[in-house]
Amino acid sequence: MTRRSKFQIYLTIVTFSTGFLVATSIETTKLMRTEKMNNQLFQQETQLTDRILSEKEQNRHLENQLIDLQRQVGKVEEAMAARKEEAADILGQLEAARMQAGVVAVEGPGIVVTMQDSQHASTSADITNYIVHEHDVRLVVNELRAAGAEAISINGQRLVSNSSIRCVGPTIIVNGIKSAAPFVVSAIGDPGTLEGALSLPGGVLQSLQDFVQIDVAKHATVQLPAFVGDVKSKHS
């Protein structure tokens with residue numbers, strides 16, 4: 001074998017070896033890069049997983065806080081509702097007390113009873129038998145109260161617990177105010193019940209109709225003024 005042939009063989013081996021080494025180096029580099037990228041991706045995935053877990057934990061904590069706050073709000077709302085209901089009940093009692101005390105004007109369904117002297121009064125030998133007296137008016141008022149009247153007035157004078165009805169000649173004094181016939185007794189309450197109480201057999205209407213003129217009318221709305229004066233004073 002000549003030197004030239006040996007050189008060519010050596011050159012071929014060196015070239016092949018060099019190519020193999022280069023190829024191997026390239027593949028190794030690719031593998032290292034791939035491994036590095038995989039490590040980076042793994043780290044990113046790990047960080048992302050940790051972040052997701054942290055966010056979930058924070059969300060769970062916030063949800064628990066929200067549930068606690070909702071419970072607190074619910075308790076406050078229940079307390080407010082109870083207080084509101086209690087305040088409404090107290091206000092209702094106050095309004096009822098004011099109406100019964102007569103210190104506020106009121107209106108509602110009821111009846112109006114008009115009492116006048118009899119037409120026979122002028123020709124009768126004893127006129128006192130045919131004119132309206134305070135006890136006649138008191139009979140009507142007492143019957144209306146017994147029938148559940150919520151408020152009563154006589155000729156615009158609101159009756160309260162200490163109101164008095166007095167007779168002075170042909171006039172009647174209510175709450176210190178003098179007025180003459182006709183006497184109009186207005187009452188708020190169930191119209192049918194109030195009228196029925198006055199119309200009972202042997203009741204007020206029957207006992208008075210032969211001596212005075214008396215008329216009863218039901219109304220969808222009866223207006224009564226407030227009491228004017230000192231409710232602490234006894235009117236005599």
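A contact here means heavy atoms within 4.5 Å. By that criterion, 74% of the chain's contacts with a separation of 6 or more link residues 24 or more positions apart. The legends below describe close-up views of a predicted model.

Figure 1. The chain has 236 residues, of which 25% are buried.

**Figure 2. The largest nonpolar core of the chain contains 25 residues.** In soluble globular proteins, nonpolar side chains tend to be buried together. Within this core, the residues that touch the most other members are Val137, Val140, Leu144, Val185 and Leu198. Two or more core residues come from each of strand 1 (106-117), helix 2 (134-146), strand 2 (151-154), strand 5 (171-174), strand 7 (183-188), helix 3 (191-198), helix 4 (204-208) and strand 8 (212-224). Helix 2 gives the largest share, 4 residues. A second, separate core of 6 residues has Ala151, Ile188, Val222 and Leu224 among its members.

**Figure 3. Surroundings of Val185, one of the residues touching the most other members of the largest nonpolar core.** Leaving aside residues up to four places away in sequence, Val185 touches Ile111, Val112 and Val113, together with Val137, Val140, Val141 and Leu144. Its contacts also include Ile152, Ser153 and Ile154.

**Figure 4. Helix 3 has Pro191, Leu194, Ala197 and Leu198 as its buried residues.** Viewed down the axis of helix 3, these residues fall within an arc of 140°, so they line one face of the helix. An α-helix has 3.6 residues a turn, so residues three or four places apart point the same way. The cover over the buried residues of helix 3 includes strand 1, helix 2, strand 7, helix 4 and strand 8.

**Figure 5. An open sheet of 3 strands has the order 4-5-6, with antiparallel pairing.** Strand 4 (165-168) and strand 6 stand at the edges with a single partner strand each, so one side of each lacks a neighbour in the sheet. From one strand to the next, the twist averages 30°. Strand 4 and strand 5 run antiparallel and are joined by 4 bridges. Opposite Arg166 stands Ile173 in strand 5. Helix 2 packs on the sheet and touches strand 4 and strand 5; the direction of helix 2 makes about 160° with that of strand 4.

**Figure 6. Strand 5 and strand 6 form a hairpin.** Between the two strands lie 2 residues, and Asn175 in the turn has a positive phi of about 55°. Strand 5 pairs with strand 6 (residues 177-180) in the antiparallel sense over 4 bridges. Thr171 has Ala180 of strand 6 as its bridge partner. Strands of a sheet pair through backbone hydrogen bonds, either parallel or antiparallel.

**Figure 7. Asn142 is a residue of helix 2.** Its relative accessible area is 40%. Because a residue counts as buried under 20% and as exposed over 50%, Asn142 is classed as partly exposed. The C-alpha atom of Asn142 is separated by 9.9 Å from that of Val204, and the two residues are 62 residues apart along the chain.

Conventions. Residues are numbered from 1 along each chain as its sequence is written. This is a predicted model: local features need pLDDT of at least 70, side-chain atom pairs count only at pLDDT 80 or more; totals for chains, interfaces and linings use all residues. Side-chain values use heavy atoms; hydrogens and water are left out. Buried means under 20% relative accessible area, exposed over 50%, partly exposed in between (1.4 Å probe, protein chains only). A nonpolar core is a set of buried Ala, Val, Leu, Ile, Met, Phe, Trp, Tyr and Cys residues joined through side-chain atoms within 4.5 Å. The arc is that of the directions from the helix axis to the C-beta atoms. Two strands pair if DSSP finds at least two bridges between them. Axes are lines fitted to C-alpha atoms, for helices over the stretch in contact, and angles run from 0 to 180 degrees between N-to-C directions.
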